[in-house]
Amino acid sequence: MRQAGRYMPEYQKIRAKHDFETMYKTPELACEITLQPVKRYGPDAAIIFSDIMVIADALGHNTRFVDGTGPVLDDPVRSAAQIEKMRPVDPYEDIAHTLKAITLAAGELPDLPLIGFAGAPFTLAKYMVDGKNLKTGRYIKSMLYDSPDLLRILLDKISDAVIKYAKAQSESGADLIQLFDSSAAALSESAFLEYALPYAEKVVNELKKAGIPVIYFALGLGPWLEYIPRIDADVVSLDWTISPARARNSIPRNIALQGNLDPAALYADPQRYEEHIDDMIMEMGKYKNYIVNLGHGILPDIPVENVEKFVDMIKQRSSRIYDRMK
Ligand code: 1CP
């Protein structure tokens, strides 16, 4: 959840010298940035430093990262001709930089699980068609309602690329894959069931067949919690809009949970809401298969000391809480 990023002084030091694109496209820099939060916090896993938009690049639609806006495509996907032109992705050719960074980081972290990641197909399609994060979904929605068959072809091509890329990450040294479905909440329930869920399901099934463990991150998908287990993920990562109790009661106990502290809580000193954190651990971790995390990425102006205090608190309290629960 953006363990690395703008709130970390050591990240800012590198960022002052390079733009974001150079940082994730240079394997040595991406490896160094991956290690930064590991050195600072001693977490139980590391996540490779990259971005979900590498798939758009690989499919021929270059992404620029604009300060204050995020990813922007100069050539958004709006026509059948553009989709027809997309050739199958070869991750070792098209996304070699991140695969190399994974191999380097895995070599540096022999004892720590390394998380590779990808955007879920609908989330990627939304960025690629809208051209940036448009709240209204102006272009993806008109494609969905005007030419649903075209959107299905695009989603198939993206799914194929995501599957190949995720497998290549695993082959390059990633121990598991987190699939970020960050924009599916923009859909109606029926559109979610038609254009987001089946494609995420397909990606996860293919990865599971290859023996790769998967975390599915469901941002804003609380209203559709009952559908999420259809995606055969090992772990479901939830945002803070769902109470820990409802999360654990809605997701079968064989699926582990990850989450779900509101990242904005970290503007305050975690000692002020210790009890809230205890409740989260007790409810989400009722059947033990639980990974403490935030509900979404750390915001750029969060004080780094508060993140440190949060991690220390979790390390101290979680085993004690589990002992009490026995
Ligand atoms: O320094 C900078 O200006 C770059 C900021 C930044 C960073 C640090 C971006 C641009 N991406 C990243 C890294 C990143 N992105 C990671 C690396 C792992 C880590 O550091 O912990 C990961 C996992 C992502 C994933 C990502 N990128 C998602 C899915 C997760 C989520 O936030 O929902 C999405 C939607 C993106 C798009 C993106 N890239 C960058 C930004 C600022 C955004 C989001 C913009 C928006 O809200 O639309």
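Accessible areas here come from the Shrake-Rupley method with a 1.4 Å probe, and for residues only the protein chains shown count as cover. By that method the protein chain exposes about 14,300 Å², with carbon and sulfur atoms supplying 50% of it. Welcome to this structure, which is a predicted model: local features need pLDDT of at least 70, side-chain atom pairs count only at pLDDT 80 or more, and totals for chains, interfaces and linings use all residues. Residues are numbered from 1 along each chain as its sequence is written, and side-chain values use heavy atoms, with hydrogens and water left out.

**The whole chain**

- The protein chain has 14 helices and 9 strands; helices (H or I, at least four residues) and strands (E, at least two) are DSSP runs, numbered from the N terminus.
- For 326 residues, a compact globule would have a radius of gyration near 20 Å, and the 19 Å of the protein chain agrees with that. The radius is taken over C-alpha atoms, and the globule rule is 2.2 Å times the number of residues to the power 0.38.
- Along its principal axes, the C-alpha trace spans about 60 × 45 × 35 Å.
- Of the 326 residues, 54% are buried. Buried means under 20% relative accessible area, exposed means over 50%, and partly exposed is in between (1.4 Å probe, protein chains only).
- Among contacts with a separation of 6 or more, 72% are between residues 24 or more positions apart; contact means heavy atoms within 4.5 Å.
- The chain carries 38 positive and 45 negative side chains, and the centres of the two sets lie 2 Å apart. Lys and Arg count as positive and Asp and Glu as negative, while His and the chain ends are not counted. Each charge is placed at NZ of Lys, CZ of Arg, CG of Asp or CD of Glu.

- Helix α7 covers residues 96-108, and its 13 residues reach 19 Å from first C-alpha to last, close to the 18 Å expected at 1.5 Å a residue. The expected span of a helix is 1.5 Å times one less than its number of residues.
- The buried residues of α7 are Ala96, His97, Thr98, Leu99, Ala101, Ile102 and Ala105. Their cover includes α2 (20-25), α3 (27-41), α4 (54-58), α6 (91-94), β4 (114-119) and α10 (148-172).
- Helix α10 has 25 residues, which should span 36 Å at 1.5 Å a residue; its end C-alpha atoms are 36 Å apart, in agreement.
- After α10 comes Gly173, with a positive phi near 130 degrees.

**Around Ile242**

- Ile242 sits in the loop between β7 (235-238) and α12 (244-250), and Ile242 is buried, with a relative accessible area of 1%.
- Leaving aside neighbours within four places in sequence, Ile242 is in contact with Gly222, Leu225, Ala247 and Asn260.
- Gly222 and Ile242 are 20 residues apart in sequence, and their C-alpha atoms are 6.0 Å apart in space.
- Not counting residues up to four places away in sequence, Gly222 touches Ile242 and Arg246.
- Asn260, another partner of Ile242, belongs to strand β8 (residues 256-261). A cis peptide bond joins Gly259 and Asn260, with omega about -15 degrees.

- Phe20 lies in helix α2 and is buried, with a relative accessible area of 12%.
- Beyond its neighbours within four places in sequence, Phe20 is in contact with Tyr11, Arg15, Phe49, Ser50, Asp51 and Phe65.
- Phe20 and Arg64 are 44 residues apart in sequence and 9.1 Å apart in space, C-alpha to C-alpha.
- Arg317 is found in helix α14 (residues 304-325) and is buried, with a relative accessible area of 17%. Not counting residues up to four places away in sequence, Arg317 touches Glu274 and Asp278.

**Positive phi outside glycine**

- Arg2, in the segment before α1 (9-15), has a positive phi near 50 degrees although it is a residue other than glycine. Arg2 is exposed, with a relative accessible area of 53%.
- Lys288, in the loop between α13 (274-284) and β9 (290-294), is not a glycine but has a positive phi of about 75 degrees. Lys288 is partly exposed, with a relative accessible area of 44%.
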